[in-house]
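Q: Please take a close look at one part of this model. I would like the salt bridges in detail.

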Amino acid sequence: MPRIFLRLWRRYRDTALFLKMTAGFVLGLIVAFVFGEKAQVLSPIGDILLNLLQLIVIPIIMVTLIDAVNSTRPGNLVRVAFKTFAFYILTTIAAVIISLSLALLVKPGTGLQRPEKGAETPEAPSFVDQLVGIFPENVFKALVDGNILALIFVALIVGLTMAGMRRSSDSTISGFGKLVYDLVLAAKEMTFRILGGILQFAPFGIAALVASDIGSQGIDALAALGKLTGVVYAGLAAQILLVYIPLLLLNRIPVGGFFRVAGAPMATAFTTQSSSGTIPVSLEATRKANIRQEVAGFVIPLGATINMDGAVIRLGASVVLAANIVGHDMSVLELGAIVLTATFVSIGTAGVPGAGLIGLTILLQQAGLPLETVALVAGVDVLLGMGATMLNITGDLVGVHLIDKSEKRISEGSREL
């Protein structure tokens, strides 16, 4: 009997992660449709997966980013950072334009009534507070709070200091720098081994998350606000088909190969609704795709905090829904303002609990539209959040592939000279 279990375990362990994730997702859907709200009994299993991912995400960010800084020349790091910000901002603008175009065509709010009372949303921190928060007064508090931008800043400072020590002309200082760097490499190896174990459990957690979330409210919510949900998911598909895939093709990156390695992170993001929680799975996917880790270690954590293509698609569609409810035809200037505002709001509220509803509240206030619309959108927030998070992660992976390809071209050109 033990031998049978051992053979089954080895077969499961060696099965491609994407296939296991897909099987977990399909199983979760079946359970949700069969048992409905009763499937919530499985939610603790999904919570365990979320906790495990959150447990490993901060160590992975720290060790990969410190290693990335030490493996990259300062000039190259600045170049990678510029390309990263440019890619994320441009694709975010494209996403909100696609969202508004589809929503204006479909008019998702037609026939819906204005709710009497708005949903409660967490208070959004001000831009100044967020800017100051990047520079933590207490690194341990940043760790406890899961302040990703602050941890990225700390990792950059530690990495740059360590790199300076390693290159010091003083042999003692250089020796200390190399010693600490070896410890970071050892911690990185250990962290990824722990991640490997977590990923073996992930398909079961995904099945539980899908079953409990969809079974509890997703099916009813989809029927109630089918148009909005349809517009958002059409926008997500359009972003992939009209923006991401053409960018991959233009850079001669095989689309099929990309989605084979991106499948596991996309499935994880869809079910967990957590961009930061998916960072470990995304980094593992970049390793399988032979992406240079000094590039991935910078681009992926940063993308999880500022790249919100999926978020702006749901925001744009929700604003048009609010305008339809009150019969307001939006002008070109209003639409242009929403494009710009949604781009920065998606970045500004990233990582905040209830970020989608916070962003929508800000946009509705700017456009002078009824805040009660937040109550309607809250009804399908789970469904919209799943798709939006998946697109966010897809954009991160497209970005890291493109930037890595660009950096490899530069390296090849330098060698030829």
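Is Arg-292 buried, partly exposed or exposed, and what is its relative accessible area?

A: This is a predicted model, where local features need pLDDT of at least 70, side-chain atom pairs count only at pLDDT 80 or more, and totals for chains, interfaces and linings use all residues. Residues are numbered from 1 along each chain as its sequence is written, and side-chain values use heavy atoms, with hydrogens and water left out.

Arg-292 is partly exposed, with a relative accessible area of 24%. Buried means under 20%, exposed over 50%, and partly exposed in between (1.4 Å probe, protein chains only). Arg-292 forms a salt bridge with Asp-404, with the closest N and O atoms 3.6 Å apart. A salt bridge here is a side-chain nitrogen of Lys or Arg within 4 Å of a carboxyl oxygen of Asp or Glu. Arg-292 sits in the loop between α11 (279–288) and α12 (293–306), Asp-404 in helix α17, 112 residues away. Helices are DSSP runs (H or I, at least four residues), numbered from the N terminus. Asp-404 is buried, at 2% relative accessibility.

The count comes to seven salt bridges. Asp-67 pairs with Lys-188, the closest N and O atoms being 2.7 Å apart. Asp-67 lies in helix α3 and Lys-188 in helix α8 (residues 171–224), so this pair ties together parts 121 residues apart in sequence. Both Asp-67 and Lys-188 are buried.

Arg-79 bridges to Glu-407, with 2.8 Å between the closest N and O atoms. Arg-79 is in helix α4 (residues 74–106) and Glu-407 in helix α17 (residues 381–416), 328 residues apart. Arg-79 is partly exposed at 26% relative accessibility; Glu-407 is buried at 4%. Shared partners join Arg-79, Lys-83 and Glu-407 into one network.

Notes. Helix = DSSP H or I, 4+ residues; strand = E, 2+ residues; numbered from the N terminus.
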